[in-house]
Amino acid sequence: MEDTETSDARSSDADATNEQLTTSDSECAMNEVEGTVVACLQQRAEALAACAAMQRQLEAQGKEMAKLREETAARQALLDLTQKSCEANEQDYKLAMQQNGKLADTVDLKEAEVQRLQGKT
């Protein structure tokens, strides 16, 4: 009878050890899953932080681009104004040259008349 009791005790001990090993395996598997989830959440947090940093950088670049567009528009307006001023100066120059030509013609006529009048005396 002791052999049966000893065998039963050993069997019971083996069952308890097997149950502990199964529990340890389950806990180990859960720990691995938890570790994977934690690592995944950490990676997600890092990715979100990187995205937020990139968003801030893009917003700053957008503001810089808007500023550059304003500066470009102001420079274009100044260029247009300068172009119109140059065109007006060119027209003034041409008019002045025409008037100078007319004055030169008038001077030539007056000189010719003076020569003619001096020739009569």
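Q: Where do lysine 94 and glutamate 90 lie?
A: Helices are DSSP runs of H or I with at least four residues, strands are runs of E with at least two, and both are numbered from the N terminus. Here both residues lie in helix 1 (residues 2–120), four residues apart, about one turn of the helix. The protein chain has one helix and zero strands. A word on the source: this is a predicted model, where local features need pLDDT of at least 70, side-chain atom pairs count only at pLDDT 80 or more, and totals for chains, interfaces and linings use all residues. Residues are numbered from 1 along each chain as its sequence is written, and side-chain values use heavy atoms, leaving out hydrogens and water.

Q: How do the side chains of lysine 94 and glutamate 90 meet?
A: Side chains of opposite charge can pair when their charged atoms come close. A salt bridge needs a side-chain nitrogen of Lys or Arg within 4 Å of a carboxyl oxygen of Asp or Glu. Lysine 94 and glutamate 90 form one at 3.8 Å, N to O, and a search of the whole structure finds one salt bridge.

Q: Is lysine 94 buried, partly exposed or exposed?
A: Buried means under 20% relative accessible area, exposed means over 50%, and partly exposed is in between (1.4 Å probe, protein chains only). Lysine 94 has 43% relative accessibility, so it counts as partly exposed. Glutamate 90 is partly exposed too, at 42%. Of the 121 residues of the protein chain, 0% count as buried.

Q: How many disulfides does the structure hold?
A: A disulfide is a covalent bond between the sulfur atoms of two cysteines. The test is a pair of cysteine sulfur atoms within 2.5 Å, and this structure holds zero disulfides. Cysteine 40 is partly exposed at 45% relative accessible area, and cysteine 86 is partly exposed at 44%.
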